[in-house]
Amino acid sequence: MKIIIFLFSCLFFINSNAQFGEQQIITTDALNANSVFAVDIDGDGNLDVLSASVDDDKIAWYKNTDGLGNFSAQQIISTNANGAANVIATDLDNDGDMDVISSSVLDDKLAWYENLDGLGNFGVEQIIGIDPFDFHSINAGDVDSDGDIDIITSNFNIIKWYENVNNGANFMVNTINSGESNFHFFYNFPIDIDGDGDIDVVSGSRGTFNNKIVWYENIDGLGNFGDENFITNNIDVITDIYASDLDGDGDIDILSASRNDNKIAWYENTDGQSSFSAQKLISDTASFAFSVYTTDIDNDGDQDVLSGSGGENKIVWYENIDGLGNFGDENFIATDIGGAMDILAAELNNDNKIDVVSTSDNKIIWFENLITLGVKEFTNDSIILLPNPVSTILTIENNFTNQIESIKIYDVIGKLVFQEKKPNNQLNVSKLSSGLLFVKIESDKGIFTKKIVKQ
């Protein structure tokens with residue numbers, strides 16, 4: 001799974017220039033590391049790191065000991081995930097802390113591990129499902145709008161979702177598509193494509209002669225899905241997809257990486273509902289492209305693009321030059337990364353800059369963002385969000401009469417879960433999942449970011 005943690009900027013900056021430091025090793029004990037995830041496991045306000053590694057069957061985590069990006073030794077959650085391929089975290093049992101979900105390809109298993117005390121002490125493996133066609137991609141979201149977190153998987157030619165029953169005590173399996181011959185669905189991404197308030201699913205597939213990206217509408221918000229909606233087949237062996245608002249128009253666009261044609265590309269959501277543009281190329285020199293991600297690298301308020309490429313063992317980023325989805329040339333973060341199967345962006349050292357985390361053969365590593373900040377204009381004190389924690393209505397107190405242009409709320413993995421243009425001073429957040437959220441406020445006097453806790 002490829003994930004993102006968005007901008008934690010507290011200020012408005014101009015004329016910024018991003019550079020990255022040398023790799024910093026989190027661990028060398030993850031043999032054939034395949035998946036990495038950043039989340040606050042122990043509730044101390046700092047982002048910790050999770051990993052899944054294929055050759056040692058490990059699901060493990062690493063405590064961010066001081067909030068400065070210094071990590072503890074590997075803390076093992078399980079060594080029973082045979083061919084551990086993916087790991088994510090979410091609050092499956094609705095107790096306010098982050099549980100862990102894994103998939104493993106040699107025992108065809110989807111499982112979860114309860115965070116027993118909110119401090120990172122985990123319970124035994126609890127099996128969600130067994131599937132002979134493996135779990136190639138796992139994601140989480142409230143598919144049926146009932147207030148708890150469900151799981152979405154890609155299994156060979158079937159996309160499934162597992163309904164969370166009784167706070168993780170049981171799961172019921174449902175299919176999203178009918179199953180297609182000659183298509184192998186490797187990747188999925190749950191997000192509201194058509195702006196109707198429920199979670200749809202975007203998926204990428206590859207086969208001998210068939211490669212495509214499609215999406216499925218959640219017709220009733222209850223997890224009943226319609227037929228596939230075509231986005232593109234102009235790809236050769238897709239390796240990753242991501243969804244984000246790349247052109248700043250308030251709707252969700254699609255980003256892809258494909259291996260055989262070395263492409264990083266995106267597809268504009270032209271009407272905010274179901275229509276997408278032809279492929280818009282960001283790069284066709286991402287040799288053996290493996291992974292793709294979006295975040296605001298340079299603190300200018302728009303979504304830039306990260307990618308990892310296996311052919312040249314590099315991690316690069318592309319600047320969103322105008323905020324409209326016109327991207328510049330690649331900017332190098334690292335050029336000697338072996339096995340960069342998974343990358344993500346996360347603010348690891350609490351300096352208000354977005355860092356980059358990656359797998360690298362048997363290592364988990366990170367790169368500090370050494371961005372040069374521009375002129376400080378305003379502080380976060382000009383806008384206050386109340387109450388915090390919040391359960392239903394979030395009130396915006398605007399002490400300096402900033403003209404607020406938009407509000408966007410992201411979860412801890414950087415997924416956009418709420419957005420509203422020209423908002424009034426009260427937002428109904430009752431449908432958002434519990435946990436830590438980040439509120440990005442764009443105003444005429446700057447870009448502000450606030451942390452809130454949803455109860």
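I count two strands as paired if DSSP finds at least two bridges between them. The model is a predicted one.

**Entry 1**

I started with strand 15 (residues 200-206) and strand 16 (residues 211-218). They pair in the antiparallel sense over six bridges. Then I traced the whole sheet. Four strands form it, in the order 14-15-16-17, and the sheet is open with antiparallel pairing. Which strands stand at the edges? I found strand 14 (184-191) and strand 17 (225-232) there. Each has a single partner strand, so one side of each is left without a neighbour in the sheet. With direction ignored, neighbouring strands of this sheet are turned by 25° against each other on average.

Four strands form an open sheet here, with the order 10-11-12-13 and antiparallel pairing. Strand 10 (137-141) and strand 13 (170-175) are at its edges. Each of these two has a single partner strand, so one side of each lacks a neighbour in the sheet. The twist averages 25° from one strand to the next. Inside the sheet I checked strand 11 (residues 150-155) against strand 12 (residues 158-165). They run antiparallel and are joined by five bridges. I noted Ile152, whose bridge partner in strand 12 is Trp161.

**Entry 1: strand 28 and its partners**

Is strand 28 mostly covered or mostly open? I find strand 28 (residues 363-369) mostly covered, with five of its seven residues buried. I looked up two pairings. Strand 1 (residues 20-27) pairs with strand 28 in the antiparallel sense over five bridges. Within strand 28, Asn369 is the bridge partner of Phe20. Strand 27 also pairs with strand 28, antiparallel and over five bridges. There I see Val357 opposite Trp366 of strand 28. The hairpin of strand 27 and strand 28 has two residues between the strands, and Asp361 in this hairpin takes a positive phi near 55°.

**Entry 2: Asn349**

Where is Asn349? I located Asn349 in the loop between strand 26 (343-346) and strand 27 (355-360). Why does Asn349 count as buried? Its relative accessibility is 8%, and the cut-off for buried is under 20%. I listed its contacts, leaving aside neighbours within four places in sequence. They are Gly67, Leu68, Gly69, Asp355, Trp366 and Glu368. With Glu368, Asn349 makes a polar contact, side chain to side chain, at 3.2 Å. Trp366 of strand 28, noted above opposite Val357, is on the contact list too.

**Entry 3: aromatic rings**

How many aromatic pairs does the structure hold? I count four. For Phe288 and Phe290, the ring centres are 5.4 Å apart and the planes stand at 85°, so I log the pair as edge-to-face. Phe288 counts as partly exposed because its relative accessibility is 34%. Phe290 is buried, since its relative accessible area is 18%. I also noted one aromatic cluster, formed by Phe189, Tyr242 and Tyr293.

Conventions. Residues numbered from 1 in each chain as written. Predicted model: local features only at pLDDT ≥ 70, side-chain atom pairs only at ≥ 80, totals over all residues. Heavy atoms only, no water. Buried < 20%, exposed > 50% of the residue type's maximum accessible area, 1.4 Å probe, protein only. Polar contact = N/O pair within 3.5 Å; in protein donor to acceptor, adjacent residues only side chain to side chain. Contact = heavy atoms within 4.5 Å. Axes fitted to C-alpha atoms, helices over the stretch in contact; angles between N-to-C directions. Phe/Tyr/Trp six-rings, centres within 6.5 Å; stacked < 30°, edge-to-face > 60°.
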